[in-house]
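Visitor: Could you take me through this model, one question at a time?

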Amino acid sequence: MRYSIFTLAAQTLRGHRGWKPVWRDANPRPEYDVIIVGGGGHGLATAYYLASQHGLSNIVVLEKGHIGSGNVGRNTTIIRSNYLLPGNTPFYELSMKLWEGLEQDINYNAMVSQRGVLNLYHSDAQRDAYARRGNAMRLAGADAELLDREQVRAMLPFLDYDNARFPIQGGLLQKRGGSVRHDAVAWGYARAADRCGVDIVQNCEVTGLTIDADGIHGVETSRGPIRARKVALAVAGSSSRLAAMAGLRLPIESHVLQAFVSEGLKPLIDTVVTFGAGHFYVSQSDKGGLVFGGDIDGYNSYAQRGNLPVIEDVMESGMALWPGLGRIRVLRHWGGIMDMSMDGSPIIDHTPVHGLYLNAGWCYGGFKATPASGWCFAHLIARDQSHPVAAAYRLDRFATGHVIDEKGAGAQPNLH
Ligand SMILES: Cc1cc2nc3c(=O)[nH]c(=O)nc-3n(C[C@H](O)[C@H](O)[C@H](O)COP(=O)(O)OP(=O)(O)OC[C@H]3O[C@@H](n4cnc5c(N)ncnc54)[C@H](O)[C@@H]3O)c2cc1C
């Protein structure tokens, strides 16, 4: 079924009884050309672009839970391409361009909302760093505007400008940044991949990789073995566990990141704001809840739940920026498992095992990368060659020293 105003009108007249499931719940076949492990945003986007851009259709996506149960359905939905380093800027700008055309491409309303992303600065040094970042962004084809304090005040009059511990001096604004409805991205890519003939198998956990001296031959799953000469891992926070099945030790640690949603409010904040003096960011969802988050919990874990000290830390940061937040009730919070790489940048590369490909290390910024990650991973799998904009995301950069340390924080995954 193709979605359009006419489909909607026809369904309305039929009392909405004619809608079909958005994708087939496929049973796994014994053999495929490509197995993608992980039915998150990145795995589904990869499957869709493999089929739509490279003409492959004998593809399966294996997901141990249900589609959308991982980080793709747990994130705070922010998209942006405000990067500084040459390894990152073209990749994230490609992602932004793909977001801009995504809904037409996959014929699905993902609620792409370019409401802007504003990074606040609180000191002269930070302003200079943002001026440099803004220049790098513009040179790479992205948009950036450096705002002074009064321009920020005109946009966000309720922040604390006068009595704050860290007075706001201005901000770096990317107007094309914004937010996208996260689970609609998973559902939209799943539907689009399914329409291209991709099998999506839910409740199918990969429990082992079948490898010999020639490379990979398939996977063991909770629903039996499946053969393929190409296996692609896109399992985000579980990357180390899957790589360990191939005898690989990744430069990745898994950490918990929490997100928070307040009670529904009238329209209050029409952009995404990040606090430059602490780790806190906030936007407002279309349902009215404030969506916010901050630091990772800071200890290694595969559990999708957070802890109380970080809740307190995030609220403190929020209050330091926006004292009025103290009057608002938090309704829910949850955690996701982050694949924190040692330089804060991702990996899209071959592994030393022939036919085994890796997409990992997204830290807490992988949602905005979803379209470009799928686009570039599909290119790598189909052509056995890195896509030019993802050429720097090599696995061996941690051995050769070609790290892409956007924050300059060193090999400290909890600081990226
Ligand atoms: C609280 C929070 C806030 C965030 N906010 C943002 C944000 O605002 N902007 C942004 O850009 N990024 C954000 N992120 C990061 C972003 O969500 C992730 O980097 C990105 O979603 C990871 O890629 P994915 O969608 O493929 O992961 P996932 O959705 O986690 O997909 C991986 C899938 O692999 C499956 N899997 C694991 N092991 C196996 C196995 N053995 N067999 C089969 N399947 C398996 C999992 O069940 C999971 O569904 C946030 C993350 C969290 C948790």
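**Exposure, a helix and the cysteines**

Visitor: Is A213 buried or exposed?
Guide: This is a predicted model, in which local features need pLDDT of at least 70 and side-chain atom pairs pLDDT 80 or more, while totals for chains, interfaces and linings use all residues. Residues are numbered from 1 along each chain as its sequence is written, and side-chain values use heavy atoms, without hydrogens and water. Buried means under 20% relative accessible area, exposed over 50% and partly exposed in between, with a 1.4 Å probe and protein chains only. Because its relative accessibility is 86%, A213 counts as exposed.

Visitor: How far apart are the end C-alpha atoms of α8?
Guide: Helices are DSSP runs of H or I with at least four residues, and strands are runs of E with at least two, numbered from the N terminus. The expected span is 1.5 Å times one less than the number of residues, so the 14 residues of α8 (residues 308-321) should span 20 Å. In agreement with this, the end C-alpha atoms are apart by 21 Å.

Visitor: Which residues of α8 are exposed?
Guide: V310, I311, V314, S317, G318 and L321 of α8 are buried. Seen down the helix axis, the buried residues fall within an arc of 130° (taken from the directions from the axis to the C-beta atoms), so they line one face of α8. Exposed on the other side of α8 are L308, P309, E312 and E316.

Visitor: How far is the sulfur of C196 from the closest cysteine sulfur?
Guide: A disulfide is a pair of cysteine sulfur atoms within 2.5 Å, and the whole structure has zero disulfides. For C196, the closest cysteine sulfur is in C376, too far for a bond, at 18 Å.
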